[in-house]
Every structure is written in C-alpha cells, then in structure tokens.
Amino acid sequence: MSQITLSHVSKRYGALTSVDDVSLEIRQGEFAAFLGPSGCGKTTTLRMIAGLTLASEGTIRFGSRDVTHLPPFLRNAGLVFQGYALFPHMSVAQNVAFGLEMRKVERAQAQARVMQALALVKLDHLADRLPRQLSGGQQQRVALARAIVYEPEVLLLDEPLSALDAKLRNEVRNDLRRLQSTLGLTTIFVTHDQDEALSVADRIVVMSAGKVEQIGTPREIYQRPATRFVAEFIGSTNLFPGRIEAGGRFVTAGGESFAMPREGRRDGASTFAVRPEQIRLTKGATGEGDGFGVPATVSGIVYRGALTEIVVQTASGAPLVAHLQNDGRDGEVRLEPGDVVVASWPAGAAMLF
Amino acid sequence: MRPAFLSPQRSFKPAMTAGCAAAFAMVLAPLVAIIWVSFFDNKIISFPPKGYTLAWYAAAWDMPRFRDGFVTSLELGAVATLVSLLVGVPASLVLARGRFRGREVVQSLLMAPLIVPGIVAGAAFYMLLIEFEVLTGIQIATTFTGLAIAHSLIALPWTIRLVTASLLGVDSQLAEAALTMGARPLTVFRRVTWPVIRPGVVAGALFSFVISFVDLEKSLFLVGPGTTTLPIVIVNYLEWSVDPTIAAVATVQILLIAAGLVVTNRYFRLTRAF
Ligand SMILES: Nc1ncnc2c1ncn2[C@@H]1O[C@H](COP(=O)(O)OP(=O)(O)O)[C@@H](O)[C@H]1O
Ligand SMILES: [Mg+2]
C-alpha cells in the first residue's frame, strides 16, 4: 500500500477539459471518496490513476514511484468497475486468480490466496460458479476479491454500489469499510451519492466540472464547506444572494440585513448560507434573536418522521427551510401556517460565500 | 392456473407448429428432391425412376470440369475465409470498441457488399479490373487472384457482422480489467478477448466459406479458363444437358456444407453468434 499523489493533473479531450489541474494526496491506508455530480471527472481521474487513460498534464505517484507514463499493467492498482467486468468464461476462482497468475505466483500458493480472498468477501463456497450464475451483489464481491487478492498499491472503486438495491448497498458498504480497515488498503471510492461518501470515507474530495472544490473529512466538508457548490451539493442549505454593506452586515437581495458570521469568507461574498437544522423558530417573538435571525411567517409544514421540515417566508418573500427534530426535546412543534415567528441561528452556523 | 385467455401462447401453439412445419417443408423439399434425383437410374430426369444407381457420382467425378471447379471453389473459399478473418476480426474489434470520428461511415462501407446486388457488384468489379489492366498491363480479371479478391469482399461483411455481434452484450471493460490486473496486451487478447469472440469468429469463418463456395453472380464475369468455380460449372453444364449428374454434384455440395455446420455446432452453439 502506498500514498497516492496527484500533482496538477489535467485531462483534455479536444476542447473539453474533463479534469482540470487536480492536485491531491491520498494517504497510505486511507479511505478517500471522490464525490461530485455525474460528468464532473471522477471516473476520468480514477482511470488516470489506474493508467487506463493517460494524463494530458501533471504527475501521478504511487509512493515515491512516478507512474505518470506507465501502462496499467505495470502500475499495480486494483480496480473495481461500475459494471464489475468479470470474465464471463472463467469461474469465480479463475477470475480471482487472474492477477496472481499475471504475477507468476506459484500455483498452490495462488490457490490458497484465492480462497483467502474469497473468504474475505464470504464467497468461498461459490468458487466454481460462473459469474452469470451469481447475483449482482455476489458478482460485486467477486470483483472486489479479484482486485485485492494481489495486494495492489491502491484499490480503486468506481461507483461500486450503484447497481445494487438500497438494502444491499448498505450491507456491501459496511463490508467494504470493514475489509478496507482490516487490510489497511489505500482506497479511492468514486460516488455521486453524498450519503455514501459521508458515511464511508476518511476524507472526501469534492469535485465539480473537473476541479477539486474541497478536500476534507466528512465533518469538515459538511460543517465548513469551502465553496457555495459544496454547501449546496452536500446536505441542503438555505441560500440568500446579496452583498456586504459598509456597516459590516450582509444585506440580501430582498433587503433583509443579517449580522456577519465571525469566521468564513467575507471579502466580496455574495451569498449568505445557513443549514436548515441550525435554525430555531420562536413563536410570537420579535426582532432577530441574538443578532442572527429574521422575522418570518410559516408557510408550510412537512412531517418527515425523525424531523419536521418547516418552510417560512421572510418579509421579502424569500423562503427559508428549518428542520426541527421530533425528539420531544424541543417541545412538540406546535406551529401552523400563518404563524409569525423569528427564525434564528447560532452565530457560528452562518456561512458566507 | 391462469385462465386460458391470459396465456396467448397456448392458443397459438397449434398454429405455430403448423407454420413451422410448413416452413421446414418449403426449405427442405428442394433439397430432398435433388438428393433423391441424384440416385435415379434415368438419363432424362423423369418420375418415377426406373431404378437407383450411384453411377452419376462416378460420372461427375470423372468429368475434369466438375473436379477442377470443386477444387477451385474449395481453394477460393479457403482464401476468402482467411482474408475476411485477417481483415474482419481487427476491424470488428475497433468498430465495436472504438470511439472515433467516422465510425458509422466505416461500418456502412464494410457492410456495403451485402446490399449491392451480386451481379452489379460482379460487373463493376470486372470493369474495375479491366481498367486496371488497361492502365498497368497487369491482368487480374479472369485469374485466381481476381476471384480471390472478389470472394474476400463477399465474405468480409459476414465476418464483421458475426464478430461484432459476439462482442455486443459483453462488458467492454473486460480488456481494461485484465490490463489493470497486470496482463500485457497480447495476454489480454489470448486470455480474455479471444475466448469471448471465438464463437463469432468460428461462425464468421464458416459463413465466409459457405458464401464464397456457393457464389454465382459475383463470380460470373471473373472466371476464366482453369479458374471456374463449381456453381458456374454447374450452370454451364445445365445449358447443354439436364441429367442426374448435376443432382449428384449438388448433393455433394449440400452434404459438404451441412457437415461444416454440424461440426462447427459441436464446438459451440451457432445460435449464440446471432
Ligand atoms: N473518452 C472520452 N472522450 C471524450 N470525452 C470524454 C471521454 N471520457 C470522458 N469524457 C468526458 O469527460 C467528462 C467527465 O467524465 P467522467 O470522468 O466519466 O465523469 P464522472 O465519472 O464524474 O461522471 C464528461 O463530460 C465526459 O463526457
Ligand atoms: Mg463515472
């Protein structure tokens, strides 16, 4: 297992820049997720790491080894494709043995390692089956066993769960995480699903239009999004376009005036953002709470089980969504459409972009 | 049990069976008739036969033109098959996998021989070869080379069609998966790509051979002394005499092709290639 380093890596297809000056470092043994909407360049980046696509610019290193110009068969990466790509004419065991065979591992030893890898994914009893005799989840696990059996320097997974149904997805995700930490595999997991990335990764690389938007732990990404894109893409966020006035307050397009958060970007900021779960609604109050709030009128209430989603409208008509936990601690939510409230939030919860 | 009106297959079944039987009869009747006639002990074909004999087979074999035609057709079939595989297999791999400008155009051009009427293509090719001869003084028309080129062109679309079909529905990332696991390109072909396309290649080879072996129209202008194919020998013979010799020749041809199909089918199910 190695640390994977990308320095100023770009990929151009004619006029289209699919991956644009990406620099990042995946630490040894780390589980990293590439997260971004479809078409943002996640697969292309992964393929460049595997060597299936050559970078137009930049350097890729496995540990201290520069692999930028190496063909895939000299890189020693393990790749699980979106569609699994199992060899249809080989049994499960033969599929898993393929990488060892290419490395000229002696037969008896190879066989033992194949069975060990299959046991890790709980498929040792199906070693003699053909891929088409397996379910989707089982095929997925064969693909995983096949990619890790030869101890690659990095394990690359391209949306490995997208073809599975929701229940299976959680199960495989947890298995994957357990396996990854047991074996200490340096892993890059590509997904467009924020829940998947948040729950499984040590660190998330958020991508958009070929560029890295932010790299950080799930907590950092969610609580301190670096850009408006990240704030919108991960979780839901209330956004107010506007500008910073001379008095040091943020004035929205509709004319509301908010106190400035203590940290976060300020110069030239054009968006004020606050997450729905940070908002408190106080019935019958006036003013703006402790300086971070705005008077509003309740316009809609949606019960969603663990939480209640309340839509309020500010004086200028801008909608604001608040999430209230239905845990009884806030007191049962007793709001009705038409109620006048003050929507407020902790000083540290407001974000500026 | 579901009510009968919910299972339409059931009510169709007798009609389906009858339809299939009729179709089979239509396909098989001429073949059966030819094979039957080839054993008639009559000089002029007439029913019922006076008796049965194997003499026509001996007679056909004794006529050099049939023997030469047979050998020429075998050789042509072999060359056409070889060339269509050498060109068609790589072309199919690129066509099925590659993303490049003009892919559709190349594909259509390679399939074109299928849609141009044989006699037109044959005439056009003949004229091309004559022009070539006028310009360069090199004679290709009415030589084996000319026939071989024409027959390779006849066979090529079949190979491409069948090999391309065998690649459809197969994960296009198989080769890439093998590469990342450490296989070099040649190993990838030998261990992964080849086993996957093999049924298509075998079917393509078989069809190339058969299509070349039975071709009449495209060869009509191109044959010359010493390079006449069996179907043309048969047509020429029929102009002068209609006796069971021709039926014997046809029977041999039918059995040869049928044997080819049966043997091929033993190694893999031909239906998989379609
Ligand atoms: N071989 C290629 N030729 C041309 N454009 C490509 C190629 N591969 C990917 N692209 C383009 O690059 C962009 C990024 O694609 P991709 O990396 O597959 O995105 P993601 O995996 O994040 O959905 C897309 O706009 C896609 O159309
Ligand atoms: Mg992708």
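A salt bridge, as the term is used here, is a side-chain nitrogen of Lys or Arg within 4 Å of a carboxyl oxygen of Asp or Glu. By that count, the structure holds 15 salt bridges over all chains. Please keep in mind as we walk through it that this is a predicted model.

Let us begin with a pair in chain A. Lys122(A) and Asp175(A) meet through their side chains in a salt bridge, at 3.8 Å from N to O. Lys122(A) sits in the loop between α3 (107-120) and α4 (136-148) of chain A, while Asp175(A) belongs to helix α5 (residues 166-183) of chain A, so the pair ties together parts that are 53 residues apart in sequence. Lys122(A) is partly exposed, its relative accessible area being 45%. Asp175(A) also counts as partly exposed, with 23% relative accessibility.

The next pair to look at is Lys283(A) with Asp339(A), a salt bridge whose closest N and O atoms are 3.5 Å apart. Lys283(A) lies in strand β15 (residues 280-283) of chain A, and Asp339(A) lies in the loop between β18 (319-325) and β19 (340-344) of chain A, so this contact ties together parts that are 56 residues apart in sequence. Lys283(A) is partly exposed, with a relative accessible area of 49%. Asp339(A), in contrast, is buried at 17%, because buried means under 20% relative accessible area. Elsewhere in chain A, salt bridges that share partners join Arg27(A), Glu30(A) and Arg203(A) into one network.

Now let us turn to the ligand. Which residues are around ligand 1? From chain A they are Tyr13(A), Leu16(A), Ser18(A), Pro37(A), Ser38(A), Gly39(A), Cys40(A), Gly41(A), Lys42(A), Thr43(A) and Thr44(A), and chain B supplies Arg99(B). Residues from chains A and B surround ligand 1, so the site is shared between chains. Sorted by class, the shell has 4 nonpolar, 6 polar and 2 charged residues.

Several of these neighbours place polar atoms by the oxygens of the ligand. A polar side-chain atom of Thr44(A) lies 2.5 Å from an oxygen atom of ligand 1, and a polar side-chain atom of Ser18(A) lies 2.6 Å from an oxygen atom of ligand 1. Lys42(A) takes part through its backbone, with a polar atom there 2.9 Å from an oxygen atom of the ligand. Taken alone, ligand 1 exposes 570 Å², and the protein buries 66% of that. Two elements of chain A give two or more residues to the shell, namely β2 (16-26) and α1 (42-50). Of the elements, α1(A) gives the most, with 3 residues.

An unreviewed UniProt entry assigns the annotation "domain: ABC transporter" to residues 4-234 of chain A. Over that stretch the chain is 36% helix and 26% strand, and the end C-alpha atoms are 25 Å apart.

Some local details in chain A also deserve a look. Asn76(A) has a phi near 65°, a positive value in a residue other than glycine. You will find Asn76(A) in the loop between β5 (65-66) and β6 (77-80) of chain A. Ala85(A) likewise has a positive phi, of about 55°, although it is not a glycine. Ala85(A) is in the loop between β6 and α2 (92-102) of chain A, and it counts as buried at 1% relative accessibility.

Leu134(A) and Leu86(A) are 48 residues apart in sequence, with their C-alpha atoms 11 Å apart in space.

We finish with chain B. An unreviewed UniProt entry lists residues 21-40, 76-96, 108-128, 134-156, 196-214 and 246-268 of chain B under "transmembrane region". Residues 21-40 of chain B are 85% helix and 0% strand, and their end C-alpha atoms are 27 Å apart. For residues 134-156 of chain B the figures are 70% helix and 0% strand, with the end C-alpha atoms 28 Å apart.

Terms used
Residues are numbered from 1 along each chain as its sequence is written. Chains are lettered from A and ligands numbered from 1 in the order in which they are written. This is a predicted model: local features need pLDDT of at least 70, side-chain atom pairs count only at pLDDT 80 or more; totals for chains, interfaces and linings use all residues. Side-chain values use heavy atoms; hydrogens and water are left out. UniProt positions are given in the numbering used here, feature names are shortened, and annotations may be inferred rather than shown by experiment. Helices (H or I, at least four residues) and strands (E, at least two) are DSSP runs, numbered from the N terminus. A residue is near a molecule or strand if one of its heavy atoms lies within 4 Å of it. A polar contact is a pair of N or O atoms within 3.5 Å; within protein, one must be able to donate a hydrogen and the other to accept it, and residues adjacent in sequence count only if both atoms are side-chain atoms. Accessible areas come from the Shrake-Rupley method with a 1.4 Å probe; for residues, only the protein chains shown count as cover. Ala, Val, Leu, Ile, Met, Phe, Trp, Tyr, Cys and Pro count as nonpolar, Asp, Glu, Lys and Arg as charged, and the others, Gly among them, as polar. Buried means under 20% relative accessible area, exposed over 50%, partly exposed in between (1.4 Å probe, protein chains only).
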